[in-house]
Amino acid sequence: MKIIVDAMGGDNAPLEIVRGALAANRDHGVEIILVGRTAEVLKAVEACGEKSLPAGVEIKDAAEVVEIADDPAMAFKLKPNSSLTVGLNLLKDGAGDAFVSAGSTGALLSGATLVVKRIRGIRRAAMGPQIPTAGGRAVLCDCGANAECTPEYLLQFAYLGSYYAQRVMGIEKPRVGLLNIGAEEEKGDTLRHEAFALLKEAGDAGRICFIGNVEANDAMLGAADVIVTDGFTGNVVLKSMEGLGKFILKELKAVFLSSAKTKLAAGLVKGDLGRMKKLMDPSEVGGTPFLGIQKPVIKAHGSSDARAIENAVLRAKEYAESGFIADIQANIEHMRVQPAAEKN
């Protein structure tokens, strides 16, 4: 398994990106192609304590870097020799099995869509992060790739999330819920009403396990394994969760450091607090897949450190080995909404 890594993408590139990729190679046997400015990548390799490239690691030179100020929709075209563009072309041409980048989300999505391309029949690629819930983890689909959606998009997000939960997360029969402002069928706007009807039809046919509408609080308590929503709402949910998690951990720390008594208590529950922190840390998952692209593309957080990149590489490996894309291709006819004129 060979994973292509954008060595120049992200706030901590190239050192932390290279460090994480080397760890994935060393500890998990993943072959790596580091894409970026060769001299800078080699310097980072040396800073990691390696005198030369380890076996199974190679460098593909890319002289340009997509910067945060670049237009996301045009960056991969205006900078054809950027690490992001070169990496996506390597993936398209079959030089590697998946691509990981902590660079610009918009540029990566645009590049993946136009270079690697969507699975035939998929209207829009969606971001499907694994988020922590009381039941373990759930797929939130979409979380920012598509701010405005049609009912057909949400139907396809449900299938994408369901197959991903089965193939990658090992959930035999993922429960699919439509995120809404109430559990009743009549709740929500026109988009939610029309999407509900499509999802119910798919559920009645046995193609997905649709459980109906779910409210955000119930979703966080583990009511669904796949949470379907438009990208605008999904992004608000995701960022709210991240902020709330940091707030809770900060407040807990303040409480436990407030007196000698609470400091003693902190020592007694240190391990449990560590597990809680780990559950809420996005670095533990490492990256978010662009579901619906013909080959695996993983977006790591822009502030990713070495541990996050190592985990993103492992997620990319799991994704590439899962058979998820073949499942979507084999069942794409069920994910299309037939125009009214064709039904009559």
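**Entry 1: strand 11**

I looked up the side-chain directions in strand 11 (residues 287-291) of this predicted model: G287, P289 and L291 point one way, T288 and F290 the other way, and all are buried. Buried here means under 20% relative accessible area, with exposed over 50% and partly exposed in between, for a 1.4 Å probe and protein chains only. Strands are DSSP runs of E with at least two residues, helices are runs of H or I with at least four residues, and both are numbered from the N terminus. In a regular strand the side chains alternate between the two faces of the sheet. Because five of the five residues of strand 11 are buried, I note the strand as largely enclosed by the rest of the structure.

I recorded the conventions next. Residues are numbered from 1 along each chain as its sequence is written, and side-chain values use heavy atoms, with hydrogens and water left out. As the model is predicted, local features need pLDDT of at least 70 and side-chain atom pairs count only at pLDDT 80 or more, whereas totals for chains, interfaces and linings use all residues.

**Entry 2: partners of strand 11**

I then looked up the pairing, where two strands pair if DSSP finds at least two bridges between them. Strand 5 pairs with strand 11 in the antiparallel sense over two bridges, and L291 is the bridge partner of A126. Strand 12 (residues 297-300) is joined to strand 11 by three bridges and also runs antiparallel to strand 11; here P289 has I298 as its bridge partner. The hairpin of strand 11 and strand 12 has five residues between the strands, and in this hairpin G292 takes a positive phi near 110 degrees.

Strand 2 (residues 31-36) and strand 3 run parallel and are joined by five bridges. Within this pair, I33 stands opposite E58 in strand 3.

Strand 7 (residues 136-141) pairs with strand 10 (residues 226-228) in the parallel sense over three bridges, and V139 stands opposite V226 in strand 10.

**Entry 3: aromatic pairs**

I searched the whole structure for aromatic pairs and noted five. Rings of Phe, Tyr and Trp (its six-membered ring) pair if their centres lie within 6.5 Å; planes under 30 degrees apart count as stacked, over 60 as edge-to-face and the rest as tilted. Y164 and Y319 form an edge-to-face pair, 5.7 Å centre to centre with 85 degrees between the planes. Y164 belongs to helix 6 (residues 151-167) and Y319 to helix 12 (residues 306-322), so that the pair links parts of the chain 155 residues apart. Y164 is buried at 2% relative accessible area, and Y319 is buried at 2% as well. F196 and F210 have ring centres 5.3 Å apart and planes at 75 degrees, so this pair is edge-to-face. F196 sits in helix 7 and F210 in strand 9, 14 residues apart; F196 and F210 are both buried. Y164, Y319 and F324 form one aromatic cluster.

**Entry 4: the whole chain**

The chain holds 14 helices and twelve strands, and 49% of its 344 residues count as buried. Its C-alpha trace spans about 65 × 60 × 35 Å along the principal axes.
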